[in-house]
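Thanks for making the time this morning.

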Amino acid sequence: MNTGLKHWKEAATLILLAGHRLGVENVPTPGFACSQSTVKTEGRPRVPHIFDYDVLLLKRSSKSGFMPNAYVFPGGLVDPSDFSSEWLDVFKAFSNSPNFGLRRVRQPPETRPPIFATDRHKLGSPIPGEVAFRICALRETFEESGVLLFVSKKEELSLLESLKDRRDNDEVKHYEVNELCSDELNKWRALVNQNPSNFVRMCRELEVLPNIWALHEWANWLTPEGQYGAKRFDTAFFMCCLEERPCALQDQKEIQHLQWSTPSDVLQSFGARNLWIAPPQFYELRRMCRFPSLSDLHAFASRRGTDGCEHWLPVILFQDNAYVSVLPGDQLYPSTVSEATKVETNMEIQGGSKSALHRLLISDPYSPELQVNITPKYNHTLPLIGPVNSPSLVGTQ
């Protein structure tokens, strides 16, 4: 981990998606979020299940010091143990493969976000950032939801063989959820929650590997200055597509509630003020709305994951009772930004018809307005534009 950062703490999050059969309700397991669950849309027409998948969202505790009560994707701060040399033994079979067999990212090194570009060897760790932040995302997902994505030692050989002939732009298959004894997992989950370094110990004793190969690089969001108190995070976003929904259970500590919902259901409930999501979650859910099919989204995320991503530090502009979160590519985005970029004020924020726009206009925390007309970098997709309560909140890539 990079202790030299002055303004941010490094973190990782996982956008976890799981397929379901349209029109078929899953059989619930007592105490677990395995049923077809969506948030209430009190008084509003329900969007038909055009999506064939759900996304996992967790409600943060009301006592949280950062965005209390917000619905977020699983994730959290990187721990020193995520960069521990002990992982070399766990991934010993992949020691001859660069980045433990992860596909090579084609993005030029000079444009890579610092969270990935930083030489971790110089910081004293033999674990590449692209590996360690995936370990962090998987560990945090396990801590917060009980979902453990792993590869067993029995599957190690076949995985090694598949990696030998794989090209950088090959698609990675949908992943199934592997099962372990629930009692065993509950025991280890408690231990990992007590001390994150128990995650590597768990993997050794259970003879499993964190499934870093199932996570596709998706985005890199940084907390803007002055928006959510003193805490600021530099967060790597990954995406993982599962063929079916795993059983999950909130940790009763950091997480108050856990749910699986389609992207459109979440956005409708957000617009109805039944839940609150932060701008990064809003933006990413809007991007998902381009892909009603899990197969299409998986193919896109897998193929695009080796193109890299952009370093996004929103710059905040205030006008009257609203503020604008300006993102890279917008005509008002500074040519250079630093860790200490201050909140801008008293600027003309109205864009003309030919202006480059990449921003969220926020006059109401439950009704952000996306204004985007740029071409995204690194073959990414734009968020879908439209009213949050629109029954046609889906689009095509």
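Let me begin with R201 and E205, whose side chains meet in a salt bridge with a nitrogen-to-oxygen distance of 3.3 Å. Please keep in mind throughout that this is a predicted model. The two residues lie four apart in helix 6, which covers residues 198-206, and so they are separated by about one helical turn.

Staying with helix 6 for a moment, which of its residues are buried? They are N198, F199, V200, M202, C203 and L206, and what covers them includes helix 1 (87-90), helix 3, helix 5 and strand 6 (208-210). Helix 6 is followed by E207, whose phi is positive, near 55°, and I will return to positive phi values at the end.

The model holds 17 salt bridges, and I have picked out a few others to set beside that pair. E284 and R287 meet in a salt bridge at 2.9 Å, nitrogen to oxygen, and because they are three residues apart in helix 8 (residues 279-288), about one helical turn separates them. Both E284 and R287 are buried.

Then there is D330, which forms a salt bridge with R359, the closest N and O atoms being 2.8 Å apart. This pair links distant parts of the chain, since D330 sits in the loop between strand 12 (322-326) and strand 13 (344-345), whereas R359 belongs to strand 14 (residues 358-362), 29 residues apart. D330 and R359 are both buried. Elsewhere, salt bridges that share partners join D82, R139, E140 and E143 into one network.

That brings me to the helix packing. Two packed helices are described by the angle between their axes and the distance between the axes. Here helix 3 (residues 129-145) and helix 5 (residues 182-194) pack at an angle of about 110°, with their axes 9 Å apart, and they are therefore roughly perpendicular to each other. Their crossing is left-handed. On the side of helix 3 the contact is made by R139, F142, E143, E144 and S145, and on the side of helix 5 by L185, W188, R189, V192 and N193. By class, that contact has four nonpolar, two polar and four charged residues.

Finally, the backbone angles. Most residues other than glycine have a negative phi, which is the background for the next two residues. N99 has a positive phi, near 55°, and F100 has a positive phi too, near 60°. N99 is placed in the loop between helix 1 and helix 2 (114-117), and F100 is placed in the loop between helix 1 and helix 2 as well. Are these residues buried or partly exposed? N99 is partly exposed, with a relative accessible area of 25%, whereas F100, at 7% relative accessibility, counts as buried, the limit for that term being under 20%.

That is where I will stop, and I am glad to take questions.

Conventions:
Residues are numbered from 1 along each chain as its sequence is written. This is a predicted model: local features need pLDDT of at least 70, side-chain atom pairs count only at pLDDT 80 or more; totals for chains, interfaces and linings use all residues. Side-chain values use heavy atoms; hydrogens and water are left out. A salt bridge is a side-chain nitrogen of Lys or Arg within 4 Å of a carboxyl oxygen of Asp or Glu. Buried means under 20% relative accessible area, exposed over 50%, partly exposed in between (1.4 Å probe, protein chains only). Axes are lines fitted to C-alpha atoms, for helices over the stretch in contact, and angles run from 0 to 180 degrees between N-to-C directions. Angles under 35 degrees count as roughly parallel, over 145 as roughly antiparallel, 65 to 115 as roughly perpendicular and the rest as oblique. A crossing is left-handed if the near helix is turned anticlockwise from the far one by less than a right angle, and right-handed if clockwise. Contact means heavy atoms within 4.5 Å. Ala, Val, Leu, Ile, Met, Phe, Trp, Tyr, Cys and Pro count as nonpolar, Asp, Glu, Lys and Arg as charged, and the others, Gly among them, as polar.
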